[in-house]
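Hello,

Here is the structure we talked about handing over. My notes follow below it.

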Amino acid sequence: MMSLDALLDDLAGYIGKPETSCFSLPPDAYLSPDLHDAEISGIFEKSWLCVGRDEYIPEAGDYYCIDLLDEPMVIVRGTDGTVRALNASCRHRFMPVVEGRGNAKRFVCPYHTWTYATDGRLIGAPHMEGSDVFDKSECSLPEYRLEIWKGFIFVNLDDDAAALEVMIASTDAATKNYRIEEQTEVFHYEREWEGNWKLSAENSMEYYHHIGLHAATVGGPMPAKGTYFPETPPVDDSFTHERCMIAEELLAGGDHPLNPRGDLTGLTREELQSGYLIYVYPAFTMAMRAGSNNWLAFRPDGPEKTKVLGGYLMWRDLVDEDPEVTEARSVLIEQVNNEDALATTELARMMRSRKAARGPLSPFEKTIAQFYKYLGRTLAGDRVTTRQAAE
Ligand code: FES
Ligand SMILES: [Fe+2]
């Protein structure tokens, strides 16, 4: 196994490399527990991570629990309508005050029945009158940073991180015409995939694999061969993106379930004629067409497993109008996601071979080269500076 030092040196090597000269990461980058730890502390504990959609909790008191990098949290819409991410561990002696999902007026800890309001305030604690140190106002459930962007709930474990809008500004501009805020989820996806999170990430940021893995599903309508890389907005430390040309036969019209429908005003010709994939670092991706959005978010579960959360969104009025297309697309997306899950399982298995070796990236995988550069800058940027100083 390569040392952490060697792996970080390797990542630093991507920073100045032309995108067309990049190889994939070495197998150990997907297996090393040390690199995994460095990614958790250097990336995931400091970044905005998508934990779901606010439409999962439309009513006051609606909640769902989620484990984010071993942080037990409950995402809850308070009686004031505000969505919060609260630590779900009781302030008395650590019992989970709530699990699963549902609707509650308050959270009652099952251990000694301390009771919390949906905004996290402790509102009841039996038999604490004789305590010299008990102060109800000091015993609220701690809150994590949470922000909502176009219906997506993002949480950041770093209380000092810059606001989400700083990170999402480029994505916001690039996706404006797609009217994501008018979309609703028609298909929900939540699984654990085998393999390191970077395998899932890479798989979800290129159309190249449509040529093989998705040949029977979306490879026809969205072929690999027309892949290109938009120049605006220019990629930065927050995202990478690419487009694929929609197949000629679909552009000619017809009744294919993937054809754009609904109110297409405001979409450019390019947006109507291409698929648009935008990958927001570190672990959130949207594959869009006019009126639809197949999104996924990844959370590492140790170096060798990845929690995958996602769904398929469509413009709300379209869902009401056309239940058959909604159903057809949902079935298709489930197939596509299953194909992707299978691929990452196979990659994770094969890279354990003693003969496994990195290979050259295709120019259609420029997004992956950019992702490696991002990893290099974030985890090993200081090494380049040190190296340059030494030269
Ligand atoms: S641990 Fe929750 S009330 Fe005691
Ligand atoms: Fe795929």
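Two strands pair if DSSP finds at least two bridges between them; strands (E, at least two residues) and helices (H or I, at least four) are DSSP runs, numbered from the N terminus. This is a predicted model, in which local features need pLDDT of at least 70, side-chain atom pairs count only at pLDDT 80 or more, and totals for chains, interfaces and linings use all residues. Residues are numbered from 1 along each chain as its sequence is written, while chains are lettered from A and ligands numbered from 1 in the order in which they are written.

Sheet. β7 (residues 115-117) pairs with β8 in the antiparallel sense over two bridges, and Tyr116 stands opposite Leu122 of β8. Both strands belong to an open, antiparallel sheet of three strands in the order β6-β7-β8. β6 (106-108) and β8 (122-124) each have a single partner strand, so one side of each has no neighbour in the sheet.

Helix α3. Met167, Ile168 and Thr171 are buried in α3 (164-174), buried meaning 20 or more other C-beta atoms within 10 Å of a residue's own, and exposed 12 or fewer, with C-beta atoms placed from the backbone. These buried residues fall within an arc of 70 degrees seen down the axis (directions from the axis to the C-beta atoms), so they line one face of the helix. Glu165, Val166 and Ala173 are exposed on the face turned away from the buried side. The cover over the buried residues includes β9 (143-149), β12 (239-245) and β13 (274-280), where contact means C-beta atoms, placed from the backbone, within 7 Å.

Regards

Note on methods: Contact = placed C-beta atoms within 7 Å.
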